[in-house]
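Subject: Structure handover

Hi,

Here is the structure, ready for you to open. My notes follow below it.

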Amino acid sequence: MVAKTDGFYARDYSLWLGWNNMRYIIETALLHGRLLNRTTIIPSFVYARACEFDIATCAAYATMVNRGDATYSDEWRNLPIEQQMAWRISISLMFNLTHLQQSHAVITTSDYLRLHNISADLESSDGHWDTETYHVNNALGSQEPSLHAIENWWYDPDDFVRVDLIPEDMRLRGGWRTQGGDASRGQMGSWNDTTDSEIYHSLMDALPEGRPVLDWGSVRRVVEDGNRITPLSSVGAIGDVLRENGFEVVYTYTGAGGIDVVKDVITPTYEAVPRHRIRGLYEDFHHITARVLLMRGELHDGRKPGSLYFTSVASQSRFSQTVLYNMRLTDNILSLAARINDRMLAMNTGRLWMASHMRRGDFARLGWAMEADFADHLARIKRHLREGRAILMSIHGRNSSTYDVPDVQPDSSVVTLDPPEPDDKYYIATDERDPENLKYLQEQGGVLITDLLTIEDRREFGWSLMLTDVLALLEQATLSHAAFFYAHALSSLAGGVMNLRAAAGADPRTALLD
């Protein structure tokens, strides 16, 4: 696998983040590694943040660490000591690494270390790429393996837009040349674009402050003239005008609630950027011959899925496939979630069932929860589930549709099985642990994962189900089966559920994130 690529692509990984954010970061790393024809290196382990039982019980199966000490963070220092603990677990518990390796050149940091006769025990505890430990000096004083670092501030400063690569037709339009570029920022190549039209200047004036990317509504307001471009004009027709006037169409995804916290890939969209502001990841870094290419720092927060824009629908679609189908949950998670789905159906006498993710925990502590009061939060959920039931009743017996994602077949069960009754049970995935609140939830018709799991399930699955991060994966997979799903647009767990639902052929009308 490694021999077929041009070396390794390494990252500084933010292991202090929860799994869903870590997954987004890994998906981005896989994209970059594939674009640059390098073997992507991912962490060998992650930190599970809580134990469903006494912490000593989980510590009997997984190495327990102080999360702040391990990741050099003071975020949890003021919490009770048991809430500062975390459990170091193999990353292969979180997704099917073997399946991923069938489509992507990817290894773990411990694999890399063993390949270079370095002890795997020396892997950094916080996820950063340790350039002193992971590379050694030879007799001539040179590092082995050779290393080239991409500084974080080179990647996408406010004055340009990072894309995957620059296609040949775009190069011709903009007079791209391989010479030039700001070498102090790792750039290779430059534009010779002399566009000076009225439309070009109007588009430039419409750009928001801070980043040269124009949303499609703003594009239309500029280019619609009632003649060549009308409200009925296609994306292709508008794209032609943009290209003639120094701009290019780029492809990305619409974030849930209009923000990019939940980095799902279920709603592809397009935006416009000035051609001369485009920098290709491939163009700037594919020529580097060092054995290890390191991307320093964090590229996650505030960015689109993949941490770049795509210059073609085909390239965007390939990334969607990585997220939806290649980064797959483990088989034991998927099979147990299917059994839980059957139990929910049976609980409601074969009728469809609905679900919600009720994020409390750190969201309640930080003031990010949908409602501060637990009862108010549950009332909000039940209100949206009633709306969901009305949707399921309206589409019953009709045709189902899918999200705009590749290689998907519609799930017809949502229109063929009977919709829920008003008093049917509904499923709640939550990190709430207050016994009185959980009792109230159950009295209100809610069903928890603990109501559905059996002793046999736990024995068959194994010890890792005691860890909340692994249990959360099971809950995500279970939520993907729900006929209607409601959650918070600020929760990365919800983004994972939406990707699972889209890949399974869910109807876009059957989910709401707000």
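Buried means under 20% relative accessible area, exposed over 50%, and partly exposed in between, with a 1.4 Å probe and protein chains only. Helices (H or I, at least four residues) and strands (E, at least two) are DSSP runs, numbered from the N terminus. This is a predicted model: local features need pLDDT of at least 70, side-chain atom pairs count only at pLDDT 80 or more, and totals for chains, interfaces and linings use all residues. Residues are numbered from 1 along each chain as its sequence is written, and side-chain values use heavy atoms, with hydrogens and water left out.

Helix H1 comes up first here. H1 covers residues 19–35, 17 residues in total. Of its 17 residues, 16 are buried, so H1 is largely enclosed by the rest of the structure. Asn37 follows H1 and has a positive phi, near 55°.

Ser492 sits in helix H21. Ser492 is buried, at 11% relative accessible area. Leaving aside residues up to four places away in sequence, Ser492 touches Asn20, Asn21, Tyr24 and Val262 (contact means heavy atoms within 4.5 Å).

Now the strands. Two strands pair if DSSP finds at least two bridges between them. An open sheet of five strands runs E17-E16-E15-E18-E19, with parallel pairing. Its edge strands are E17 (446–447) and E19 (511–513), each pairing on one side only. E15 (354–358) and E18 (484–487) run parallel and are joined by three bridges. Ser356 stands opposite Tyr486 in E18.

Elsewhere, E3 (45–48) and E5 (85–90) pair antiparallel over four bridges. Val46 stands opposite Ile89 in E5. Both faces of E3 are covered: Phe45 and Tyr47 on one side, Val46 and Ala48 on the other, all buried.

Last, the second largest pocket. Its volume is about 470 Å³. Lining it are 28 residues, with Asp411, Ser480, His481, Leu500 and Ala504 nearest its centre. H12 (313–326), H13 (331–347), H16 (413–416) and H21 (492–503) each supply at least two lining residues. The largest share, four residues, comes from H13.

A pocket is an open set of points on a 1 Å grid over the protein atoms alone, where a 1.4 Å probe fits, with protein on both sides within 12 Å along at least five of seven lines; lining residues have an atom within 4 Å of a point. The volume is the space filled by probe spheres set on the points, which are joined across faces, edges and corners.

Best wishes

Methods: Expected span 1.5 Å × (residues − 1).
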